[in-house]
Amino acid sequence: MSASRSETASAPVPDGSGAGPASTAVPEPGGDLLAALLDGMDAALCAFDADGVVTHWNREAERILGWPADEAVGRRGFAGWAVRPADADEVQGRLMAVMDAPGRQVHEFALLKKDGGRVLVRTQSAGVRGADGTPAGVYCAFSEVHAQIDLERSIALSEALFEDGSWGVVLVDVDLRPTVVNTYAARALGTARATLLGRPLGELIVQGVEDLEGALQHVLSEGAPASPAEVWVTLRTAEGERRRCWRSGFLRLSSPLAEEPVPLGVGWLFQDVTDARLAEQDADRLRFRSNQLHRASRTAAECEDPMEAATTHLDYALAGFADHALVDLAVGERLVRAAATPAGAPGPAAPVAGGGIPVRYPAGHPALQAVDRIGSVRASAGGAGEAWAAERQWPPDAAHALCAVLRSRGRTLGVLTFLRGPSRPAFERPDAAYAESVAVRVAAAVDLARVLGG
């Protein structure tokens, strides 16, 4: 190894340092470039010649230990300045032993700073050979142990997140295409990890991708939001479309090597909270509907006319549940329209003026099925549109129907029909249970009206 220094001027050695006489370094071709490269390194680096004399000392070594290059270069080993006397022989022996050994060796030493403090460093050292292949010296790269441990922790955290994390982790580039996807995220998106890389999110997300990409764009331009956000999406999977809710957090990724922050993309962390949110929605819906039934019962109890009480139950039931309600009462073998909400616009249920004319329901009509089964029947238009509603004698905007039979004192009194428009979802099983609860109250009012009417 050349004994040239990282400085172009001579490096005087203070008296009593134990080093030999200082000599003026002879500049070599490329010496300035080598010095610049060494000083620009993030790791501290020093080098020793075959006699153990320090030949190179970069700025990071000066930052960690406080010794400038002109006080370090030219000293023999660390004894008397950068290590305690009791440790000097052991440290020097372990460093120089690598000169004759293959590969690199890792050691941890307690070194002394110029201000007298001690710092624990982790070193990686390897031997240097001359042009003739003989040992010429040792180079040693070192860093503070806590900094190395922090780096190792960061790497370990990254690996854990991308392998075993209980959150989905997706890194997207500035074009919003996934570049890294962990196991949880791939499972949540319904595909393999490698399949997602480089593909637009819109290929997998049918609905909600605009909201998600908007959030990612905001993070790229403005930074991460202060709190997580919940995003509802509909996924395209091999089993069909699935609606999911993801509680998401976002981090803007910037290059640590650039002088100015340069966005590398966005780290998107999310957890599937669909089951919890659906359970909360069901609980809220059940609470609201129970409250509506209670309010309707209290209001209906003040009605002198039983049919007015029946329509009161319908008005309370419609809130947030359906767009229209129809009451068809059994008269002999036929059904007669007794009460309905306005067909053209939302409004309260009211008795049908001039009632008594049977409704012309075709065979297989959902209302007739409900009477035959003595139970609830659900139906939807699918893609049939207004023709489907017209064939069933319903308002033209009806797209989903739920028919519940009216029963009182062991007799079928008629059918209660709830209708929803095409912008609303189809009726489900919990909706049928609620409709049956309303039907029980309406049937009791209708029965009372018949008893009082003789």
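F48 stands opposite V138 in strand β5. This is a predicted model, in which local features need pLDDT of at least 70, side-chain atom pairs count only at pLDDT 80 or more, and totals for chains, interfaces and linings use all residues. Residues are numbered from 1 along each chain as its sequence is written, and side-chain values use heavy atoms, with hydrogens and water left out.

Start with the strands around β5. Strand β1 (residues 44–49) pairs with β5 (residues 135–144) in the antiparallel sense, over six bridges. Strand β4 (residues 118–129) also pairs with β5 in the antiparallel sense, over nine bridges. Here R122 has S143 of β5 as its bridge partner. Two strands pair if DSSP finds at least two bridges between them. Strands (E, at least two residues) and helices (H or I, at least four) are DSSP runs, numbered from the N terminus. Five residues lie between the strands in the hairpin of β4 and β5. There, G133 takes a positive phi near 85 degrees.

Now look for empty space. Rolling a probe the size of a water molecule over the atoms shows where it is left. A search of the whole structure finds one cavity of 30 Å³ or more. On a 1 Å grid over the protein atoms alone, a cavity is a set of points where a 1.4 Å probe fits but cannot get out; a pocket is an open set with protein on both sides within 12 Å along at least five of seven lines; lining residues have an atom within 4 Å of a point. Grid points are joined across faces, edges and corners, and a volume is the space filled by probe spheres set on the points.

The largest cavity holds about 30 Å³. Its lining is F78, L95, F109, L111, V121, T123, C140 and F142. Seven are nonpolar, one is polar and none is charged. Ala, Val, Leu, Ile, Met, Phe, Trp, Tyr, Cys and Pro count as nonpolar, Asp, Glu, Lys and Arg as charged, and the others, Gly among them, as polar.

The largest pocket holds about 640 Å³. Of its 21 lining residues, D282, R285, E428, P430 and D431 lie nearest the centre. Helices α9 (274–300) and α13 each supply at least two lining residues. The largest share, eight residues, comes from α9. The lining of this pocket has nine nonpolar, four polar and eight charged residues.
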